[in-house]
Amino acid sequence: MTNEKIPYKIYLEEKEIPKQWYNVRADMKNKPAPLLNPGTLKPMTFEELRGVFCDELVRQELNDTDAWIDIPEEIQQFYKMYRPAPLIRAYCLEEKLKTPAKIYYKFEGNNTSGSHKLNSAIAQAYYAKQQGLKGVTTETGAGQWGTALSMACSYFDLDCRVYMVKVSYEQKPFRREVMRTYGAQVTPSPSDTTEVGRKILQEHPGTSGSLGCAISEAVEAATTREGYRYVLGSVLNQVLLHQSVIGLETKAALDKYGVVPDIIIGCAGGGSNLGGLISPFMGEVLRGEKQYRFIAVEPASCPSFTRGKFAYDFCDTGMVCPLAKMYTLGSNFIPSANHAGGLRYHGMSSTLSQLYADGYMEARSVEQTAVFAAAEQFARVEGILPAPESSHAIRVAIDEALKCKETGEEKTIVFGLTGTGYFDMVAYEKFHNGEMNDYIPTDEDLQQGFDRIPQVF
């Protein structure tokens, strides 16, 4: 281990922080299908979208042609507070597994929010401030996005209203209090504070909530308040664009030592981390320059890639948002309350969905007890307590490394460690106490969601 030339942590210099975001859609031959107006079933226009999102973010959302988009100077300066993030060689994990594989992980948890979400939160808050808005609304599942956005809004003196999935609101009080410390108003969703929330509660009494529910409430709250817009922490094209700093830094760090990955692995809920990590590598594949194996890892309890339908569907449970063509379990799908992490969105990024449909990525679903077993194994040898979301990627990285042990292949594996799990101790406690179950929806369970998918061809 000690005679390796590659250090444990590969840091870029401050001047090497990306100054442009990379837009993978520019290199896609099959572009993601456009968002559709649910009333007319025609592609959403700039004018229609700007009533919900900030103007500049709408431009980024609709931009399928420009490969590189400049990062404003003020955002670059904010990035310097916690970027560049380290790329870490998992020497201790390799030794523990006795594998010939080389394992690297990009660690995005070295900021107060504890995750990669701040990369896009600061950008979206910046554009809201530039537009002269009073505040923004959003949803959050595990709480990482809500935490990041509350930090970004505090930095720019913007009001921040967060609708937090009810089960997470109850299980993660400390995450909730971090948001409130940064000035955010946090409401468990579904709630009785919005019309759509009251409707969902009537249809699903006692529900533990879902991201689709929280999105509906956040959109209503934004569109009924003057000077507010809705912002989203995953799924949308603009978010994958902002998160490309992850992959750009990862690629630059690997290039410094001439390391070429064979397998790149990311957890997949809505797509922000996975899309950000793989984008520049995917660009090389799309341009015919290199070949990599990409693996998206999702929870077996919310398997949109592996068991979902590739179809136009509502982005939210209340069916007030545009229709997106994506792998979906149906906007009415609500994960089991026993689901212990984030990654609880019913659909997947349209960009990643199109890449998956075109055969550029693999997808794998994993059960949560296996995920937490991998998280514990990783924590004990690498010294970082990983977030449950990231631990899905850890699970498959370990599995692939063990395959290399069986075959003797010396593959290079890179995965994204999206953040830390220090606010997820209730889930860890349930795992340690043997109270965690591996709920997997039946075909009949999923069919209830599929039945609500609109027939759009």
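This is a predicted model: local features need pLDDT of at least 70, side-chain atom pairs count only at pLDDT 80 or more; totals for chains, interfaces and linings use all residues.
Two elements, helix H9 (195–203) and helix H10 (211–223), each give two or more residues to the lining of the largest pocket, and the largest share, five residues, comes from H10. Sorted by class, the lining of the largest pocket has 18 nonpolar, two polar and two charged residues.

The second largest pocket has a volume of about 230 Å³. Its lining is made of 16 residues, and the closest to the centre are Ala 33, Pro 34, Leu 35, Glu 61 and Asn 237. By class, the lining of the second largest pocket divides into eleven nonpolar, two polar and three charged residues.

**Helix H13**

Helix H13 covers residues 272–286, and its 15 residues, counted at 1.5 Å a residue, should span 21 Å, which agrees with the 19 Å that separates its end C-alpha atoms. Within H13 there is a kink of about 55° at Ser 279, shortly before the proline Pro 280. The helix is mostly covered, since 15 of the 15 residues of H13 are buried. After H13 comes Gly 288, whose phi is positive, near 75°.

**Salt bridges**

Side chains of opposite charge can pair when their charged atoms come close.

| Pair | N to O distance |
|---|---|
| Glu 14 and Lys 80 | 3.8 Å |
| Asp 27 and Arg 287 | 2.9 Å |
| Lys 251 and Asp 255 | 3.0 Å |

The salt bridge of Glu 14 with Lys 80, whose closest N and O atoms are 3.8 Å apart, links distant parts of the chain, with Glu 14 in the loop between strand E1 (9–10) and strand E2 (20–22), and Lys 80 in the loop between helix H3 (73–79) and strand E4 (87–89), 66 residues apart. Glu 14 has a relative accessibility of 48% and therefore counts as partly exposed, and Lys 80, with a relative accessible area of 32%, is partly exposed.

A salt bridge also joins the side chains of Asp 27 and Arg 287. This pair links distant parts of the chain as well, for Asp 27 lies in the loop between E2 and helix H1 (46–49), whereas Arg 287 lies in the loop between H13 and strand E11 (293–299), 260 residues apart. Arg 287 is partly exposed, with a relative accessible area of 40%.

Where do Lys 251 and Asp 255 stand in relation to one another in helix H12? Lys 251 and Asp 255 are four residues apart in helix H12 (residues 244–256), so they are separated by about one helical turn. An α-helix has 3.6 residues a turn, so residues three or four places apart point the same way. The side chains of Lys 251 and Asp 255 meet in a salt bridge. Lys 251 counts as buried because its relative accessibility is 17%, under the 20% cut-off, whereas Asp 255, at 43% relative accessibility, counts as partly exposed.

Salt bridges that share partners also join Arg 293, Glu 362, Arg 364, Glu 400 and Lys 403 into one network.

How values were computed: Residues are numbered from 1 along each chain as its sequence is written. Side-chain values use heavy atoms; hydrogens and water are left out. Ala, Val, Leu, Ile, Met, Phe, Trp, Tyr, Cys and Pro count as nonpolar, Asp, Glu, Lys and Arg as charged, and the others, Gly among them, as polar. On a 1 Å grid over the protein atoms alone, a cavity is a set of points where a 1.4 Å probe fits but cannot get out, and a pocket is an open set with protein on both sides within 12 Å along at least five of seven lines; lining residues have an atom within 4 Å of a point. Grid points are joined across faces, edges and corners, and a volume is the space filled by probe spheres set on the points. The expected span of a helix is 1.5 Å times one less than its number of residues. The bend at a residue is the angle between axes fitted to the seven residues ending there and the seven starting there. Buried means under 20% relative accessible area, exposed over 50%, partly exposed in between (1.4 Å probe, protein chains only). A salt bridge is a side-chain nitrogen of Lys or Arg within 4 Å of a carboxyl oxygen of Asp or Glu.
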